[in-house]
Amino acid sequence: MTQADPKPVVAEASGAGPAAGETLEDYTLRFAPRSYRRWKPMVVATTALGGIAYMADFSIGAGIGLTHGTGNALAAILVAAVVIFVTGFPLAYYAARYNIDLDLITRGSGFGYYGSVLTSVIFASFTFIFFALEGSIMAQGLKLGLGLPLWLGYLVSTFMVIPLVVHGMKALSKLQVWTTPVWLLLMVAPLLYLVGTDPGSVHRFVSYAGSDGHGGVNAASVLLGAGVCLSLIAQIGEQIDYLRFMPPKTEANKRSWWTAVVTAGPGWVVLGALKQAIGLFLAVYILAKVGPAAATEPIQQFTGAFAAMLPSWLVIPLAVALVVISQIKINVTNAYSGSLAWTNSFTRITKRYPGRMVFVLANLAFALVLMEADMFSFLNAVLGFYSNCAIAWVVTVATDIIVNKYLLKLSPHAPEFRRGMLHAVNPVGVVAFVAASGLSIAVYFHALGDTLQPYSPVAAALIAFVLTPLTAVATKGRYYLRRADDGIAEPLLDADGNPSAATLTCHVCRQDFERPDATACLTHDAVVCSLCLSTDRVGDHVLPAAERPVTSGPAPRPR
(Lines give C-alpha, C1' and ligand atoms only; values in the text may rest on other atoms or scores of the structure.)
Protein backbone atom coordinates (compact mmCIF):
# COMPACT_ATOMS: atom_id res chain seq x y z
CA MET A 1 0.00 0.00 0.00
CA THR A 2 1.20 3.50 -0.70
CA GLN A 3 -0.10 6.97 -0.12
CA ALA A 4 -2.05 6.77 -3.36
CA ASP A 5 -4.07 3.74 -2.30
CA PRO A 6 -7.84 4.27 -2.08
CA LYS A 7 -9.53 3.90 1.25
CA PRO A 8 -10.56 0.25 1.53
CA VAL A 9 -13.95 -1.24 2.12
CA VAL A 10 -13.77 -3.14 5.39
CA ALA A 11 -15.82 -5.53 7.48
CA GLU A 12 -16.83 -3.77 10.65
CA ALA A 13 -16.39 -6.92 12.75
CA SER A 14 -12.73 -7.09 11.94
CA GLY A 15 -11.89 -3.59 13.12
CA ALA A 16 -9.44 -3.47 10.23
CA GLY A 17 -10.44 -0.13 8.75
CA PRO A 18 -7.86 2.15 10.33
CA ALA A 19 -5.09 -0.43 9.94
CA ALA A 20 -5.76 -1.21 6.29
CA GLY A 21 -6.28 2.44 5.51
CA GLU A 22 -2.98 3.51 7.08
CA THR A 23 -1.39 5.89 4.57
CA LEU A 24 1.88 6.57 6.33
CA GLU A 25 4.67 4.48 4.90
CA ASP A 26 5.71 2.53 7.96
CA TYR A 27 4.20 -0.99 7.58
CA THR A 28 3.62 -0.92 11.32
CA LEU A 29 2.13 -4.35 11.88
CA ARG A 30 3.35 -6.28 8.92
CA PHE A 31 5.86 -7.60 6.47
CA ALA A 32 7.45 -4.91 4.26
CA PRO A 33 6.37 -5.74 0.68
CA ARG A 34 8.78 -5.98 -2.23
CA SER A 35 6.77 -3.40 -4.18
CA TYR A 36 7.79 -0.78 -1.61
CA ARG A 37 11.41 -1.89 -1.10
CA ARG A 38 13.02 -0.08 -4.01
CA TRP A 39 16.12 1.34 -2.32
CA LYS A 40 19.58 0.01 -3.10
CA PRO A 41 21.26 -1.93 -0.26
CA MET A 42 23.75 0.82 0.58
CA VAL A 43 21.04 3.49 0.71
CA VAL A 44 19.23 1.40 3.32
CA ALA A 45 22.51 0.90 5.18
CA THR A 46 23.34 4.62 5.18
CA THR A 47 19.86 5.42 6.48
CA ALA A 48 20.18 2.84 9.25
CA LEU A 49 23.64 4.03 10.27
CA GLY A 50 22.41 7.62 10.37
CA GLY A 51 20.28 6.61 13.32
CA ILE A 52 23.31 5.89 15.51
CA ALA A 53 24.49 9.49 15.53
CA TYR A 54 23.35 9.79 19.12
CA MET A 55 25.55 11.60 21.65
CA ALA A 56 24.80 9.28 24.58
CA ASP A 57 27.79 7.14 23.58
CA PHE A 58 30.12 10.02 24.45
CA SER A 59 28.53 10.29 27.90
CA ILE A 60 28.53 6.54 28.46
CA GLY A 61 32.22 6.18 27.61
CA ALA A 62 33.13 9.21 29.70
CA GLY A 63 31.12 8.03 32.69
CA ILE A 64 32.67 4.57 32.69
CA GLY A 65 36.22 5.86 32.17
CA LEU A 66 36.09 8.65 34.72
CA THR A 67 35.00 6.11 37.33
CA HIS A 68 37.03 3.03 36.47
CA GLY A 69 39.95 4.37 34.43
CA THR A 70 40.85 4.17 30.77
CA GLY A 71 42.08 0.57 30.78
CA ASN A 72 38.93 -0.81 32.37
CA ALA A 73 36.71 1.39 30.21
CA LEU A 74 38.30 0.30 26.92
CA ALA A 75 38.13 -3.36 27.96
CA ALA A 76 34.46 -2.93 28.94
CA ILE A 77 33.66 -1.24 25.63
CA LEU A 78 35.36 -4.07 23.71
CA VAL A 79 33.57 -6.84 25.65
CA ALA A 80 30.19 -5.22 25.10
CA ALA A 81 30.90 -4.60 21.41
CA VAL A 82 31.74 -8.27 20.80
CA VAL A 83 28.56 -9.46 22.54
CA ILE A 84 26.42 -6.94 20.65
CA PHE A 85 27.95 -7.88 17.28
CA VAL A 86 27.55 -11.64 17.77
CA THR A 87 23.95 -11.44 18.97
CA GLY A 88 22.97 -8.77 16.45
CA PHE A 89 24.13 -10.66 13.37
CA PRO A 90 21.38 -13.34 13.18
CA LEU A 91 18.69 -10.78 13.97
CA ALA A 92 19.89 -8.40 11.25
CA TYR A 93 20.08 -11.25 8.73
CA TYR A 94 16.53 -12.42 9.43
CA ALA A 95 15.16 -8.88 9.22
CA ALA A 96 16.84 -8.16 5.89
CA ARG A 97 16.19 -11.60 4.40
CA TYR A 98 12.52 -11.87 5.39
CA ASN A 99 11.65 -8.14 5.62
CA ILE A 100 10.14 -8.10 9.08
CA ASP A 101 10.92 -6.05 12.17
CA LEU A 102 12.30 -7.38 15.44
CA ASP A 103 8.89 -7.82 17.03
CA LEU A 104 7.74 -10.03 14.15
CA ILE A 105 11.01 -11.98 14.36
CA THR A 106 10.55 -12.40 18.12
CA ARG A 107 7.04 -13.82 17.70
CA GLY A 108 8.32 -16.78 15.71
CA SER A 109 11.62 -17.15 17.55
CA GLY A 110 10.46 -18.52 20.85
CA PHE A 111 7.85 -16.09 22.20
CA GLY A 112 4.57 -16.68 20.39
CA TYR A 113 1.97 -14.25 19.05
CA TYR A 114 1.13 -12.62 22.39
CA GLY A 115 4.29 -13.60 24.28
CA SER A 116 6.35 -11.13 22.30
CA VAL A 117 4.31 -8.26 23.74
CA LEU A 118 6.71 -8.53 26.69
CA THR A 119 9.69 -7.72 24.52
CA SER A 120 7.84 -5.05 22.54
CA VAL A 121 7.38 -3.15 25.79
CA ILE A 122 11.09 -3.62 26.61
CA PHE A 123 12.05 -2.23 23.21
CA ALA A 124 9.57 0.64 23.40
CA SER A 125 11.08 1.52 26.79
CA PHE A 126 14.53 1.55 25.20
CA THR A 127 13.39 4.11 22.63
CA PHE A 128 11.96 6.61 25.11
CA ILE A 129 14.85 6.16 27.57
CA PHE A 130 17.35 7.02 24.86
CA PHE A 131 15.12 9.75 23.45
CA ALA A 132 15.23 11.31 26.91
CA LEU A 133 19.02 11.01 27.08
CA GLU A 134 19.49 12.61 23.68
CA GLY A 135 16.92 15.29 24.41
CA SER A 136 18.74 16.11 27.65
CA ILE A 137 22.02 16.45 25.77
CA MET A 138 20.42 18.76 23.22
CA ALA A 139 18.87 20.85 26.00
CA GLN A 140 22.35 21.24 27.53
CA GLY A 141 23.59 22.49 24.16
CA LEU A 142 20.72 24.94 23.77
CA LYS A 143 21.33 26.25 27.27
CA LEU A 144 25.01 26.85 26.57
CA GLY A 145 24.54 28.25 23.07
CA LEU A 146 21.25 30.14 23.30
CA GLY A 147 20.68 30.56 27.03
CA LEU A 148 17.45 28.52 27.00
CA PRO A 149 16.49 27.10 30.40
CA LEU A 150 16.69 23.31 30.50
CA TRP A 151 12.93 22.79 30.83
CA LEU A 152 12.36 24.76 27.63
CA GLY A 153 15.19 22.93 25.88
CA TYR A 154 13.50 19.63 26.77
CA LEU A 155 10.29 20.82 25.13
CA VAL A 156 12.08 22.03 22.00
CA SER A 157 14.02 18.77 21.60
CA THR A 158 10.81 16.77 21.98
CA PHE A 159 8.46 18.60 19.66
CA MET A 160 10.90 19.39 16.85
CA VAL A 161 11.02 15.72 15.76
CA ILE A 162 7.27 15.33 15.22
CA PRO A 163 7.13 16.77 11.66
CA LEU A 164 10.12 14.63 10.68
CA VAL A 165 8.86 11.30 12.00
CA VAL A 166 5.35 11.47 10.55
CA HIS A 167 6.10 10.18 7.06
CA GLY A 168 8.06 7.00 7.69
CA MET A 169 10.94 5.58 5.68
CA LYS A 170 10.99 7.99 2.72
CA ALA A 171 11.43 11.12 4.83
CA LEU A 172 13.82 9.45 7.26
CA SER A 173 16.08 8.10 4.50
CA LYS A 174 16.50 11.60 3.02
CA LEU A 175 17.22 13.15 6.41
CA GLN A 176 19.82 10.55 7.38
CA VAL A 177 21.66 10.48 4.04
CA TRP A 178 22.03 14.27 3.75
CA THR A 179 23.05 14.97 7.36
CA THR A 180 25.56 12.13 7.86
CA PRO A 181 28.60 13.78 6.11
CA VAL A 182 28.23 16.98 8.16
CA TRP A 183 27.88 15.00 11.38
CA LEU A 184 30.97 12.90 10.65
CA LEU A 185 33.07 15.96 9.84
CA LEU A 186 32.10 17.79 13.03
CA MET A 187 32.75 14.70 15.17
CA VAL A 188 36.05 13.50 13.71
CA ALA A 189 37.86 16.77 12.89
CA PRO A 190 38.48 17.95 16.50
CA LEU A 191 39.69 14.50 17.56
CA LEU A 192 42.24 14.33 14.74
CA TYR A 193 43.38 17.88 15.49
CA LEU A 194 43.97 17.19 19.21
CA VAL A 195 45.83 13.95 18.57
CA GLY A 196 48.01 15.62 15.93
CA THR A 197 48.82 18.84 17.78
CA ASP A 198 48.82 17.75 21.44
CA PRO A 199 50.48 14.32 21.86
CA GLY A 200 50.31 14.80 25.61
CA SER A 201 46.53 14.43 25.43
CA VAL A 202 47.00 10.84 24.27
CA HIS A 203 49.34 10.05 27.18
CA ARG A 204 46.92 11.58 29.72
CA PHE A 205 44.08 9.56 28.19
CA VAL A 206 45.94 6.23 28.26
CA SER A 207 47.25 6.69 31.80
CA TYR A 208 44.05 7.99 33.41
CA ALA A 209 43.33 5.81 36.46
CA GLY A 210 39.75 6.82 37.23
CA SER A 211 38.17 8.19 40.39
CA ASP A 212 38.20 4.80 42.14
CA GLY A 213 42.00 5.05 42.09
CA HIS A 214 42.77 1.41 41.27
CA GLY A 215 44.47 2.13 37.96
CA GLY A 216 44.88 -1.48 36.85
CA VAL A 217 42.42 -3.53 34.83
CA ASN A 218 40.18 -5.79 36.92
CA ALA A 219 37.22 -8.02 36.08
CA ALA A 220 34.68 -6.32 38.34
CA SER A 221 35.29 -2.86 36.87
CA VAL A 222 35.28 -4.21 33.32
CA LEU A 223 31.99 -6.04 33.81
CA LEU A 224 30.33 -3.09 35.55
CA GLY A 225 31.31 -0.91 32.60
CA ALA A 226 30.28 -3.54 30.06
CA GLY A 227 26.86 -3.75 31.72
CA VAL A 228 26.28 -0.06 31.02
CA CYS A 229 27.47 -0.42 27.41
CA LEU A 230 25.27 -3.49 26.93
CA SER A 231 22.19 -1.41 27.59
CA LEU A 232 22.67 -0.46 23.93
CA ILE A 233 22.16 -4.06 22.78
CA ALA A 234 18.54 -3.22 21.94
CA GLN A 235 19.77 -0.71 19.35
CA ILE A 236 19.70 -3.60 16.88
CA GLY A 237 15.90 -3.22 16.94
CA GLU A 238 16.18 0.30 15.53
CA GLN A 239 18.68 -0.86 12.91
CA ILE A 240 16.22 -3.57 11.91
CA ASP A 241 13.41 -1.04 11.48
CA TYR A 242 15.44 0.13 8.47
CA LEU A 243 16.99 -3.17 7.39
CA ARG A 244 13.56 -4.72 6.84
CA PHE A 245 13.37 -2.49 3.74
CA MET A 246 16.32 -4.21 2.09
CA PRO A 247 15.72 -5.37 -1.50
CA PRO A 248 15.63 -9.14 -2.25
CA LYS A 249 19.03 -10.85 -2.14
CA THR A 250 20.03 -12.15 -5.57
CA GLU A 251 23.20 -13.39 -7.24
CA ALA A 252 23.63 -9.96 -8.82
CA ASN A 253 23.50 -7.96 -5.59
CA LYS A 254 24.62 -10.45 -2.93
CA ARG A 255 27.95 -8.73 -2.24
CA SER A 256 26.42 -5.29 -1.67
CA TRP A 257 23.49 -6.93 0.15
CA TRP A 258 25.73 -8.68 2.67
CA THR A 259 27.92 -5.60 3.06
CA ALA A 260 24.89 -3.48 3.87
CA VAL A 261 23.44 -6.02 6.31
CA VAL A 262 26.67 -6.53 8.25
CA THR A 263 27.62 -2.84 8.24
CA ALA A 264 24.26 -1.41 9.26
CA GLY A 265 23.15 -4.42 11.32
CA PRO A 266 25.63 -5.64 13.94
CA GLY A 267 28.29 -3.35 12.48
CA TRP A 268 26.66 -0.30 14.06
CA VAL A 269 28.46 -1.22 17.29
CA VAL A 270 31.89 -0.56 15.75
CA LEU A 271 31.08 3.13 15.37
CA GLY A 272 29.30 3.08 18.72
CA ALA A 273 32.38 1.72 20.50
CA LEU A 274 34.60 4.31 18.82
CA LYS A 275 32.27 7.08 19.99
CA GLN A 276 32.44 5.79 23.56
CA ALA A 277 36.24 5.82 23.45
CA ILE A 278 36.21 9.34 21.92
CA GLY A 279 33.87 10.49 24.68
CA LEU A 280 36.33 9.31 27.31
CA PHE A 281 39.26 10.90 25.47
CA LEU A 282 37.50 14.27 25.34
CA ALA A 283 36.35 13.99 28.96
CA VAL A 284 39.92 13.43 30.15
CA TYR A 285 41.06 16.33 27.94
CA ILE A 286 38.64 18.83 29.52
CA LEU A 287 38.50 17.31 33.02
CA ALA A 288 40.81 19.84 34.68
CA LYS A 289 38.86 22.77 33.22
CA VAL A 290 35.24 21.77 33.85
CA GLY A 291 35.32 19.07 36.56
CA PRO A 292 34.06 15.45 36.48
CA ALA A 293 30.33 16.25 36.42
CA ALA A 294 30.44 18.50 33.35
CA ALA A 295 33.09 16.38 31.61
CA THR A 296 30.48 13.71 30.81
CA GLU A 297 28.34 16.25 28.91
CA PRO A 298 28.97 16.05 25.14
CA ILE A 299 28.35 19.77 24.67
CA GLN A 300 31.21 20.51 27.09
CA GLN A 301 33.45 17.88 25.46
CA PHE A 302 33.10 19.32 21.98
CA THR A 303 33.20 22.92 23.15
CA GLY A 304 36.58 22.17 24.71
CA ALA A 305 37.79 20.36 21.57
CA PHE A 306 36.64 23.08 19.16
CA ALA A 307 38.20 25.76 21.39
CA ALA A 308 41.63 24.25 20.76
CA MET A 309 41.36 24.55 16.98
CA LEU A 310 38.94 27.35 16.05
CA PRO A 311 38.35 31.06 16.66
CA SER A 312 36.32 31.64 19.81
CA TRP A 313 33.32 33.01 17.91
CA LEU A 314 32.94 29.68 16.05
CA VAL A 315 33.29 27.32 19.01
CA ILE A 316 29.87 27.35 20.60
CA PRO A 317 27.88 27.60 17.33
CA LEU A 318 29.64 24.52 15.93
CA ALA A 319 29.32 22.57 19.17
CA VAL A 320 25.60 23.36 19.33
CA ALA A 321 25.19 22.47 15.64
CA LEU A 322 26.79 19.06 16.23
CA VAL A 323 24.57 18.33 19.21
CA VAL A 324 21.40 19.44 17.40
CA ILE A 325 22.16 17.43 14.24
CA SER A 326 22.97 14.35 16.32
CA GLN A 327 19.82 14.68 18.39
CA ILE A 328 17.59 15.04 15.36
CA LYS A 329 19.20 12.09 13.57
CA ILE A 330 18.74 9.67 16.47
CA ASN A 331 15.52 10.94 17.98
CA VAL A 332 13.51 10.70 14.78
CA THR A 333 14.57 7.04 14.85
CA ASN A 334 13.69 6.68 18.54
CA ALA A 335 10.27 8.22 18.00
CA TYR A 336 9.67 6.15 14.85
CA SER A 337 10.78 2.80 16.27
CA GLY A 338 9.05 3.38 19.58
CA SER A 339 5.76 4.14 17.87
CA LEU A 340 6.01 0.88 15.91
CA ALA A 341 6.63 -1.13 19.09
CA TRP A 342 3.77 0.45 21.04
CA THR A 343 1.39 0.09 18.08
CA ASN A 344 2.25 -3.59 17.67
CA SER A 345 1.60 -4.31 21.34
CA PHE A 346 -1.59 -2.28 21.64
CA THR A 347 -3.16 -3.69 18.49
CA ARG A 348 -2.48 -7.30 19.41
CA ILE A 349 -3.89 -6.91 22.92
CA THR A 350 -6.97 -4.80 22.10
CA LYS A 351 -7.56 -5.75 18.42
CA ARG A 352 -7.87 -2.03 17.74
CA TYR A 353 -5.59 0.15 15.65
CA PRO A 354 -5.65 3.80 16.73
CA GLY A 355 -2.96 4.87 14.24
CA ARG A 356 0.79 5.11 14.74
CA MET A 357 0.78 8.86 15.45
CA VAL A 358 -1.02 8.24 18.74
CA PHE A 359 1.98 6.28 19.92
CA VAL A 360 4.50 8.75 18.52
CA LEU A 361 2.97 11.28 20.90
CA ALA A 362 2.76 8.78 23.78
CA ASN A 363 6.42 7.85 23.38
CA LEU A 364 7.42 11.51 23.32
CA ALA A 365 5.37 12.15 26.47
CA PHE A 366 7.21 9.37 28.35
CA ALA A 367 10.54 10.76 27.20
CA LEU A 368 9.63 14.31 28.24
CA VAL A 369 8.72 13.15 31.75
CA LEU A 370 12.13 11.46 32.09
CA MET A 371 13.91 14.58 30.89
CA GLU A 372 12.08 16.83 33.32
CA ALA A 373 13.03 14.32 36.07
CA ASP A 374 16.71 14.99 35.23
CA MET A 375 17.43 11.47 34.04
CA PHE A 376 20.84 12.52 32.71
CA SER A 377 22.22 12.88 36.23
CA PHE A 378 21.74 9.16 37.00
CA LEU A 379 22.47 7.90 33.49
CA ASN A 380 24.73 4.92 34.27
CA ALA A 381 22.44 3.59 37.02
CA VAL A 382 19.44 3.55 34.69
CA LEU A 383 21.35 1.93 31.85
CA GLY A 384 23.00 -0.65 34.09
CA PHE A 385 19.58 -1.81 35.33
CA TYR A 386 17.94 -1.71 31.91
CA SER A 387 20.72 -3.68 30.25
CA ASN A 388 19.71 -6.85 32.09
CA CYS A 389 16.29 -6.94 30.40
CA ALA A 390 17.69 -5.98 27.01
CA ILE A 391 20.44 -8.61 27.13
CA ALA A 392 17.99 -11.34 28.18
CA TRP A 393 15.69 -10.55 25.25
CA VAL A 394 18.25 -10.20 22.47
CA VAL A 395 20.30 -13.23 23.56
CA THR A 396 17.13 -15.35 23.76
CA VAL A 397 16.05 -14.48 20.21
CA ALA A 398 19.58 -14.78 18.78
CA THR A 399 20.02 -18.19 20.47
CA ASP A 400 16.70 -19.41 19.12
CA ILE A 401 17.77 -18.50 15.58
CA ILE A 402 21.31 -19.89 15.79
CA VAL A 403 20.77 -22.96 17.98
CA ASN A 404 17.11 -23.91 17.84
CA LYS A 405 16.59 -23.17 14.14
CA TYR A 406 19.92 -24.02 12.54
CA LEU A 407 21.47 -26.59 14.91
CA LEU A 408 18.66 -28.39 16.74
CA LYS A 409 16.06 -27.73 14.01
CA LEU A 410 13.30 -27.57 16.64
CA SER A 411 12.27 -24.05 15.63
CA PRO A 412 10.83 -23.52 12.11
CA HIS A 413 13.53 -22.09 9.87
CA ALA A 414 11.34 -19.54 8.05
CA PRO A 415 10.09 -16.94 10.54
CA GLU A 416 6.36 -16.89 11.22
CA PHE A 417 4.45 -13.89 12.58
CA ARG A 418 0.81 -14.25 11.49
CA ARG A 419 -2.02 -14.68 13.95
CA GLY A 420 -3.46 -18.17 13.79
CA MET A 421 -0.17 -19.69 12.69
CA LEU A 422 1.49 -19.17 16.08
CA HIS A 423 0.56 -20.24 19.58
CA ALA A 424 -0.44 -17.39 21.86
CA VAL A 425 2.60 -18.00 24.10
CA ASN A 426 5.68 -20.11 23.47
CA PRO A 427 7.40 -21.11 26.73
CA VAL A 428 10.80 -21.39 25.02
CA GLY A 429 11.43 -17.67 24.78
CA VAL A 430 9.17 -16.49 27.58
CA VAL A 431 10.69 -18.79 30.22
CA ALA A 432 14.26 -18.02 29.13
CA PHE A 433 13.64 -14.27 29.03
CA VAL A 434 11.76 -14.02 32.35
CA ALA A 435 14.30 -16.20 34.18
CA ALA A 436 17.33 -14.44 32.68
CA SER A 437 16.07 -10.91 33.25
CA GLY A 438 14.63 -11.65 36.70
CA LEU A 439 17.72 -13.38 38.10
CA SER A 440 20.15 -10.89 36.57
CA ILE A 441 18.18 -7.95 38.01
CA ALA A 442 18.33 -9.66 41.42
CA VAL A 443 22.10 -9.94 41.02
CA TYR A 444 22.31 -6.29 39.96
CA PHE A 445 20.52 -5.18 43.13
CA HIS A 446 22.92 -7.19 45.35
CA ALA A 447 20.33 -9.88 46.23
CA LEU A 448 23.04 -12.54 45.84
CA GLY A 449 25.80 -10.54 47.47
CA ASP A 450 28.12 -7.69 46.59
CA THR A 451 30.70 -9.94 44.98
CA LEU A 452 28.36 -11.14 42.24
CA GLN A 453 26.76 -7.74 41.53
CA PRO A 454 29.11 -6.76 38.66
CA TYR A 455 28.30 -10.04 36.93
CA SER A 456 24.60 -9.34 36.30
CA PRO A 457 25.08 -8.83 32.52
CA VAL A 458 26.96 -12.14 32.34
CA ALA A 459 24.15 -13.82 34.26
CA ALA A 460 21.53 -12.41 31.87
CA ALA A 461 23.41 -13.63 28.80
CA LEU A 462 24.34 -17.08 30.12
CA ILE A 463 20.90 -17.90 31.55
CA ALA A 464 19.18 -16.87 28.31
CA PHE A 465 21.72 -18.79 26.20
CA VAL A 466 21.31 -22.00 28.22
CA LEU A 467 17.58 -21.95 28.92
CA THR A 468 16.48 -21.19 25.34
CA PRO A 469 17.63 -24.52 23.83
CA LEU A 470 16.90 -26.48 27.03
CA THR A 471 13.27 -25.35 27.02
CA ALA A 472 12.96 -26.09 23.30
CA VAL A 473 14.26 -29.62 23.87
CA ALA A 474 12.01 -30.11 26.91
CA THR A 475 8.91 -29.03 24.96
CA LYS A 476 10.12 -30.78 21.76
CA GLY A 477 9.43 -27.59 19.83
CA ARG A 478 5.67 -28.16 19.91
CA TYR A 479 4.80 -24.58 20.86
CA TYR A 480 6.36 -22.81 17.87
CA LEU A 481 3.60 -23.41 15.31
CA ARG A 482 -0.10 -23.66 15.99
CA ARG A 483 -0.46 -24.98 12.47
CA ALA A 484 2.05 -25.59 9.68
CA ASP A 485 -0.22 -24.92 6.68
CA ASP A 486 -1.65 -21.45 6.03
CA GLY A 487 -4.14 -22.77 3.49
CA ILE A 488 -2.65 -21.02 0.44
CA ALA A 489 -1.11 -23.13 -2.35
CA GLU A 490 1.19 -20.34 -3.58
CA PRO A 491 4.74 -20.88 -2.19
CA LEU A 492 5.77 -18.51 0.58
CA LEU A 493 9.31 -18.07 -0.79
CA ASP A 494 10.55 -17.66 -4.35
CA ALA A 495 13.29 -19.67 -6.06
CA ASP A 496 16.02 -17.48 -4.49
CA GLY A 497 14.65 -17.99 -0.97
CA ASN A 498 13.23 -14.47 -0.79
CA PRO A 499 9.63 -13.78 0.31
CA SER A 500 7.36 -14.22 -2.71
CA ALA A 501 6.16 -11.08 -4.50
CA ALA A 502 2.93 -12.74 -5.68
CA THR A 503 -0.06 -10.59 -4.70
CA LEU A 504 -3.35 -11.70 -3.21
CA THR A 505 -6.44 -9.64 -2.42
CA CYS A 506 -7.73 -9.63 1.15
CA HIS A 507 -11.47 -10.22 1.07
CA VAL A 508 -11.97 -8.12 4.24
CA CYS A 509 -10.24 -4.86 3.36
CA ARG A 510 -10.11 -5.32 -0.46
CA GLN A 511 -6.40 -4.44 -0.53
CA ASP A 512 -3.67 -6.31 -2.37
CA PHE A 513 -1.01 -7.90 -0.18
CA GLU A 514 2.08 -9.89 -1.04
CA ARG A 515 2.06 -13.62 -0.33
CA PRO A 516 3.86 -13.63 3.08
CA ASP A 517 1.27 -11.22 4.46
CA ALA A 518 -1.80 -13.42 3.97
CA THR A 519 -3.42 -16.68 5.07
CA ALA A 520 -6.57 -18.51 4.07
CA CYS A 521 -9.72 -17.34 5.83
CA LEU A 522 -11.65 -19.59 8.21
CA THR A 523 -15.13 -18.54 7.09
CA HIS A 524 -14.67 -17.69 3.40
CA ASP A 525 -13.09 -19.32 0.38
CA ALA A 526 -10.64 -16.42 0.17
CA VAL A 527 -7.55 -14.97 1.81
CA VAL A 528 -7.20 -12.51 4.66
CA CYS A 529 -4.24 -10.23 5.34
CA SER A 530 -2.21 -10.11 8.54
CA LEU A 531 -3.58 -6.63 9.30
CA CYS A 532 -7.16 -7.82 9.32
CA LEU A 533 -6.18 -10.86 11.35
CA SER A 534 -4.56 -8.59 13.94
CA THR A 535 -7.74 -6.55 14.33
CA ASP A 536 -10.25 -9.44 14.11
CA ARG A 537 -11.97 -8.96 17.46
CA VAL A 538 -14.25 -12.03 17.21
CA GLY A 539 -11.85 -14.41 15.49
CA ASP A 540 -14.03 -14.91 12.39
CA HIS A 541 -11.05 -15.15 10.05
CA VAL A 542 -8.46 -16.93 12.20
CA LEU A 543 -7.59 -20.46 11.11
CA PRO A 544 -8.03 -23.21 13.73
CA ALA A 545 -5.17 -25.10 15.32
CA ALA A 546 -4.02 -28.13 13.35
CA GLU A 547 -1.88 -31.15 13.96
CA ARG A 548 1.68 -30.07 13.65
CA PRO A 549 3.81 -32.14 11.33
CA VAL A 550 7.01 -30.31 12.23
CA THR A 551 8.71 -28.25 11.12
CA SER A 552 11.67 -26.89 9.50
CA GLY A 553 13.59 -29.67 7.83
CA PRO A 554 17.18 -28.99 6.88
CA ALA A 555 17.97 -25.29 7.07
CA PRO A 556 19.24 -23.85 3.78
CA ARG A 557 22.66 -22.26 3.95
CA PRO A 558 22.68 -18.44 3.66
CA ARG A 559 24.05 -17.31 0.32
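Helices here are DSSP runs of H or I with at least four residues, strands are runs of E with at least two, and both are numbered from the N terminus. With that in hand, Phe445 sits in the loop between α19 (427–444) and α20 (456–475). This is a predicted model, so local features need pLDDT of at least 70 and side-chain atom pairs count only at pLDDT 80 or more, while totals for chains, interfaces and linings use all residues. Residues are numbered from 1 along each chain as its sequence is written, and side-chain values use heavy atoms, with hydrogens and water left out.

- Phe445 is exposed, at a relative accessible area of 52% (exposed means over 50%, buried under 20% and partly exposed in between, using a 1.4 Å probe and protein chains only).
- From Phe445 to Ser456 you count 11 residues in sequence, and the C-alpha to C-alpha distance is 9.0 Å.

- You'll find Asp101 in the loop between α4 (70–98) and α5 (102–111).
- Asp101 is buried yet has no salt bridge, and Arg244, the nearest side chain of opposite charge, is 4.7 Å away.
- For that charge tally, Lys and Arg are positive and Asp and Glu negative, with His and the chain ends not counted.
- A salt bridge needs a side-chain nitrogen of Lys or Arg within 4 Å of a carboxyl oxygen of Asp or Glu.
- What does the side chain of Asp101 reach at 3.2 Å? That would be the backbone nitrogen of Asp103.
- The backbone nitrogen of Leu104 is also in the picture, 2.9 Å from a polar atom of the Asp101 side chain.

**Salt bridges**

- How many salt bridges does a search of the whole structure find? The search turns up nine.
- Asp494 pairs with Arg34, their closest N and O atoms being 2.9 Å apart.
- That pair ties together distant parts of the chain, 460 residues apart: Asp494 is in the loop between α20 and β1 (503–505), and Arg34 is in the loop between α1 (17–20) and α2 (41–50).
- Asp494 is partly exposed at 25% relative accessible area, and Arg34 is partly exposed at 24%.
- Asp103 bridges to Arg107, with the closest N and O atoms 3.3 Å apart.
- Asp103 and Arg107 are four residues apart in helix α5, so about one helical turn separates them.
- Both Asp103 and Arg107 are buried.
- Lys254 and Glu251 meet through their side chains in another salt bridge (3.3 Å, N to O).
- Lys254 is partly exposed at 33% relative accessible area, whereas Glu251 counts as exposed at 53%.

**Helices**

- Helix α3 (residues 56–68) packs with helix α11 (residues 219–229) at an angle of about 165°, their axes 10 Å apart.
- That angle makes α3 roughly antiparallel to α11 (under 35 degrees counts as roughly parallel, over 145 as roughly antiparallel, 65 to 115 as roughly perpendicular and the rest as oblique).
- Axes are lines fitted to C-alpha atoms, for helices over the stretch in contact, and angles run from 0 to 180 degrees between N-to-C directions.
- Helix α6 (residues 117–146) and helix α17 (residues 356–372) pack at about 50°, with axes 8 Å apart.
- α6 and α17 are therefore oblique to each other.
- In helix α15 (residues 298–307), eight of the 10 residues are buried, so α15 is largely enclosed by the rest of the structure.
- Among the buried residues of α15 are Pro298, Phe302 and Phe306.

Technical notes: Polar contact = N/O pair within 3.5 Å; in protein donor to acceptor, adjacent residues only side chain to side chain.
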